Structure formats: C-alpha cells, structure tokens
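Colleague: I have a model open and would like to learn how to read it. Could you walk me through a few features?

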Amino acid sequence: MHVLRELELTRGSGRVTKTGTTLSGEPSVASAVEWELHLPGRPTLKIHDNHWRNGERDLVVHKPPVMPEMPSALSNLHGRLRSGIAPTPGRRELRVMVYPTYVDQHGRPRINKSLTTEALADRMGLFVLRELTDREDVTLEPAHDRPDLPLVDLDDPQDEKPFQHALFFPAEDDETPVLGFVHFRVLPVLRHIDWLAPDGR
C-alpha cells in the first residue's frame, strides 16, 4: 500500500521468531510480522509487529545486525520508541497510542504524549488523521475514558485541553496499527532528516 506519494508499505509473507523483552519488561519470545517501508533511493526500513507469547504486542522499527548508512536521528529510531498495541477495557477494539515523534537537539527521537487535537493535527496532518479514521471501524478518541475530556472532532479540532489520543481499530485489522505507526513514529523523523518533503502527501 502507498503511504503519501513517495513511500510504499508492504507486508512480508512469513513471520520472524525473536527473543527479547516486552514493554512490561518481561523476557519473552515474539513472532513478528515483518513490514517493509520503501522510499526510492534510500535503505528499506523494516517494521516488526511483535506478538509476544505472554499476550503483549508492540510495533518497532527493527534494528538489523548490520545497519545501513543513514543519518543518526533515523539510526537512533531503530529498536527504540516501541509502540504498544493493547486491548481496551469494556470494548472489542484494540488500541495504539498516537504519540508523535520529534527529534531533540542531540539527534535523538522523542515522543509527545499529551497534545490538543488541533496540535496533533498540526503535527501529523489533518489529512493523515482523516485518512486513518476513514478506514473501516477505525476511530481517533481520547485514550482514557474520562468524563472531563473533550470529544475528538476532526472537523473542528479543539485547542484547549491536551490529552493522550489513541487510534482504536478492530482486532482483526493488522494494517491500521502499522500504518498509524509509520505516520506518527517514522515519518516525522524522515522529514527531519530531509528524506521526505515537509508537506509530503
């Protein structure tokens, strides 16, 4: 599938077995679905959708044994800033947090957790958020069910209260969390290192 105009995201045919530590810190074995992100003239980035034996699941830019040459900000994203995929209490959907990446003054990718919906739209692009939520049964909502949080309205994104946003999607949908991860975790770094136009669509 195409991501913006320049990138192509493809799913591998098999799974990769790997050992490591889950987001909760438990040593485990994962069966990883491998996705490849292709940018013409640049090294291919591999994204692993790790399904851990203990039931946890996360997404990460896979760090290969030998790294191809690339700017440090992108190199530093490999194997770091994993994004968890979790069930939602009282709901059938799964959830991935929408924490957009930025690069600090030392060239290290970091994440923002709490943003107003307008600030999130400014960071990711309103067209991207609409594209994601136009997918079947996918919604962008406050990550936590609290009565004091405003609704997420992409036609009128609020700029008053920052909170944590999440993308909710059906459990059988394997594409949406990876596509979201590419948009909020990888693309900001590609733009920072000028591998992607600032307003690339």
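Modeller: We will take the sheet, then a helix pair, then some salt bridges. This is a predicted model, in which local features need pLDDT of at least 70, side-chain atom pairs count only at pLDDT 80 or more, and totals for chains, interfaces and linings use all residues. Residues are numbered from 1 along each chain as its sequence is written, and side-chain values use heavy atoms, with hydrogens and water left out.

Colleague: In what order do the nine strands of the open sheet run?

Modeller: Strands here are DSSP runs of E with at least two residues, and helices are runs of H or I with at least four, numbered from the N terminus. Two strands pair if DSSP finds at least two bridges between them. In this model the order is 1-2-3-4-5-6-7-11-10, with antiparallel pairing. Strand 1 (2-3) and strand 10 (139-142) are at the edges with a single partner strand each, so one side of each has no neighbour in the sheet. Within the sheet, strand 2 (residues 7-21) and strand 3 (residues 27-38) are joined by 11 bridges; Leu-9, for instance, has Leu-37 in strand 3 as its bridge partner.

Colleague: How do I read a helix pair?

Modeller: Two packed helices are described by the angle between their axes and the distance between the axes. The axes are lines fitted to C-alpha atoms, for helices over the stretch in contact, and angles run from 0 to 180 degrees between N-to-C directions. Here helix 2 (residues 117-124) packs against helix 3 (residues 126-133) at about 100°, with the axes 6 Å apart. Helix 2 is therefore roughly perpendicular to helix 3 (65 to 115 degrees; under 35 is roughly parallel, over 145 roughly antiparallel, the rest oblique).

Colleague: Which residues of helix 2 and helix 3 meet?

Modeller: Taking contact as heavy atoms within 4.5 Å, Leu-120, Ala-121 and Met-124 of helix 2 meet Leu-126, Val-128 and Leu-129 of helix 3.

Colleague: And how many salt bridges does a search of the whole structure find?

Modeller: A salt bridge is a side-chain nitrogen of Lys or Arg within 4 Å of a carboxyl oxygen of Asp or Glu. The search gives 13. One of them pairs Arg-135 with Glu-175, whose closest N and O atoms are 2.9 Å apart. Arg-135 is in the loop between helix 3 and strand 10 and Glu-175 in helix 4 (residues 175-192), so the pair ties together parts 40 residues apart in sequence.
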